[in-house]
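Thanks for coming, everyone. Please have the sequence and the model open on your screens. I'll go through it piece by piece.

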Amino acid sequence: MEAPQLSEYNFNVDISDIISAISKIRDTRWLKPVLSDPSQRNPNLTCEFHGTHDHRTEDCRQLREEVVRLLSKGHLRDLLGDLAKNQFREREENRKNETEEPQHVIHMIVGGVDIPQEPTIKRTKISITREKRTQGYIPKDALTFSDEGIETLSQPHNDALVIFFLVNTFQIKRILVDPGSSANIIRSRVVEQLGLLDQIVPASRVLNGFNMARETKKGEITLPVNVTDTTQNVKFHVIEGDMRYNALLGRSWIHCMRSVTLTLHQMMKFPTKDGIKTVYGEHHVAREMFAVHDVAPASTPSASKKPNDKQTMK
């Protein structure tokens with residue numbers, strides 16, 4: 001994958017200053033020599049990074065690759081504009097939140113492999129960028145998505161967005177974010193693991209799926225859902241039975257968060273008083289949850305045998 005152009009980073013300085021800063025970093029890798037014949041080089045094209053003729057500095061592939069590597073190690077960030085600095089800081093905070101282990105983790109209860117913020121009144125700007133970005137082009141409060149965000153994903157894919165959230169001291173995995181659902185749904189077995197069965201409010205209501213299959217809910221429960229340190233009280237319909245996911249977050253939660261969700265990018269972004277926050281999907285989990293397998297005809301189990309129903313907790 002080709003490294004981005006330097007103009008896409010919103011540096012506050014010109015290329016000469018970037019190269020000067022790179023030369024002072026001990027972690028900088030030595031340049032690979034230009035292999036072209038000196039007599040065939042264009043004297044009108046100069047690369048400050050190589051100190052020779054052959055190509056323009058802004059087109060230098062080695063320079064762009066070195067900038068990517070140094071930025072990933074924390075170098076050169078003081079030369080970036082505020083928007084770019086916030087994006088790097090946001091990524092690091094998300095990684096930090098993912099590494100902090102909660103006291104309990106609820107995985108898939110029926111088996112399988114585990115691998116109120118107040119609403120913002122100001123209108124949110126949304127931008128999907130595909131062309132070169134220049135300093136000052138993207139508004140500070142815009143929710144931006146670029147093709148760079150899908151470079152690390154297995155392509156092509158048609159996967160749903162699956163995340164995890166916290167409820168008190170529990171981390172609950174396999175949460176489907178579904179803009180096509182008008183309801184938030186959680187399995188009764190998950191509520192049982194949370195120790196909150198006594199908080200379910202009985203309510204008789206039938207939920208219809210996309211194929212009009214009906215599911216009678218057990219009741220309703222309101223839970224404090226924490227996603228990247230942003231907590232909202234969410235009302236869930238509690239249902240019994242097995243699903244491929246532990247809970248489903250529908251449009252009511254998505255709209256309350258003022259979130260923009262892109263399954264292609266496997267992420268969602270939403271505005272907070274502290275800036276834009278990003279939630280990354282668990283891509284590999286989504287693929288396992290919705291994988292299509294050939295199902296062999298199963299024999300009818302004996303009435304004396306009960307299915308093996310284990311739960312996994314940490």
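Start with R69 and E66 in helix α2, residues 61-72. The two sit 3 residues apart in that helix, so about one helical turn separates them. Their side chains meet in a salt bridge, 2.8 Å from N to O. Both R69 and E66 are buried. Keep in mind that this is a predicted model.

How many salt bridges does the structure hold? There are 6. Let me show you some others.

Go to helix α4, residues 188-194. Here E192 forms a salt bridge with R189, and the closest N and O atoms are 3.5 Å apart. Again the spacing is 3 residues, so E192 and R189 are separated by about one helical turn. E192 is partly exposed, because its relative accessible area is 39%.

Now a bridge between strands. E220 pairs with K235, with 3.8 Å between the closest N and O atoms. E220 lies in strand β11, residues 219-227, and K235 lies in strand β12, residues 230-239. So this pair ties together parts that are 15 residues apart in sequence. Is E220 buried or exposed? E220 is buried, at 19% relative accessible area. That needs the cut-off: buried means under 20%. K235 has 48% relative accessibility, so K235 counts as partly exposed.

One more item on charges. R56, E58 and D59 are linked in a network of salt bridges.

Next, the aromatic rings. The count comes to 2 aromatic pairs. One of them is Y9 with F11. Their centres are 5.7 Å apart, the planes make an angle of 55°, and the pair is tilted. Both Y9 and F11 are buried.

F165 and F236 also form a tilted aromatic pair. Here it is 6.4 Å centre to centre, with 40° between the planes. Which parts of the chain does this pair link? Distant ones: F165 is in strand β6, residues 161-167, F236 is in strand β12, and the two are 71 residues apart. F165 has 1% relative accessibility, so F165 counts as buried. F236 is buried too, with a relative accessible area of 0%.

On to a sheet. Find the open sheet of 3 strands, in the order β14-β15-β16, with antiparallel pairing. Why is one side of β14 and of β16 left without a neighbour in the sheet? Because β14, at 260-262, and β16, at 275-280, stand at the edges, each with a single partner strand. On average, neighbouring strands of this sheet are turned by 20° against each other, direction ignored.

A reminder on how sheets hold together. Strands of a sheet pair through backbone hydrogen bonds, either parallel or antiparallel.

Take the two pairings in turn. β14 and β15 pair in the antiparallel sense over 3 bridges. At one of these positions, L262 has M267 of β15 as its bridge partner. β15 and β16 are also antiparallel, over 6 bridges. Those two strands form a hairpin, with 2 residues between them.

K269 is buried, yet has no salt bridge. How far away is the nearest side chain of opposite charge? That side chain is E90, at 4.9 Å. What does K269 touch, leaving aside residues up to four places away in sequence? The contacts are L143, T144, F145, R258, S259, V260, I276, K277 and T278.

R258 on that list brings me to the backbone. Most residues other than glycine have a negative phi. R258 has a positive phi, near 55°, and is not a glycine. R258 is in the loop between α5, at 251-256, and β14. With a relative accessible area of 29%, R258 is partly exposed.

R174 also has a positive phi, about 55°, although R174 is not a glycine. R174 is found in a strand, β7, residues 170-177. At 7% relative accessibility, R174 counts as buried.

That's my tour. Questions, please.

Methods
Residues are numbered from 1 along each chain as its sequence is written. This is a predicted model: local features need pLDDT of at least 70, side-chain atom pairs count only at pLDDT 80 or more; totals for chains, interfaces and linings use all residues. Side-chain values use heavy atoms; hydrogens and water are left out. Buried means under 20% relative accessible area, exposed over 50%, partly exposed in between (1.4 Å probe, protein chains only). Lys and Arg count as positive and Asp and Glu as negative; His and the chain ends are not counted. A salt bridge is a side-chain nitrogen of Lys or Arg within 4 Å of a carboxyl oxygen of Asp or Glu. Contact means heavy atoms within 4.5 Å. Helices (H or I, at least four residues) and strands (E, at least two) are DSSP runs, numbered from the N terminus. Rings of Phe, Tyr and Trp (its six-membered ring) pair if their centres lie within 6.5 Å; planes under 30 degrees apart count as stacked, over 60 as edge-to-face and the rest as tilted. Two strands pair if DSSP finds at least two bridges between them. Axes are lines fitted to C-alpha atoms, for helices over the stretch in contact, and angles run from 0 to 180 degrees between N-to-C directions.
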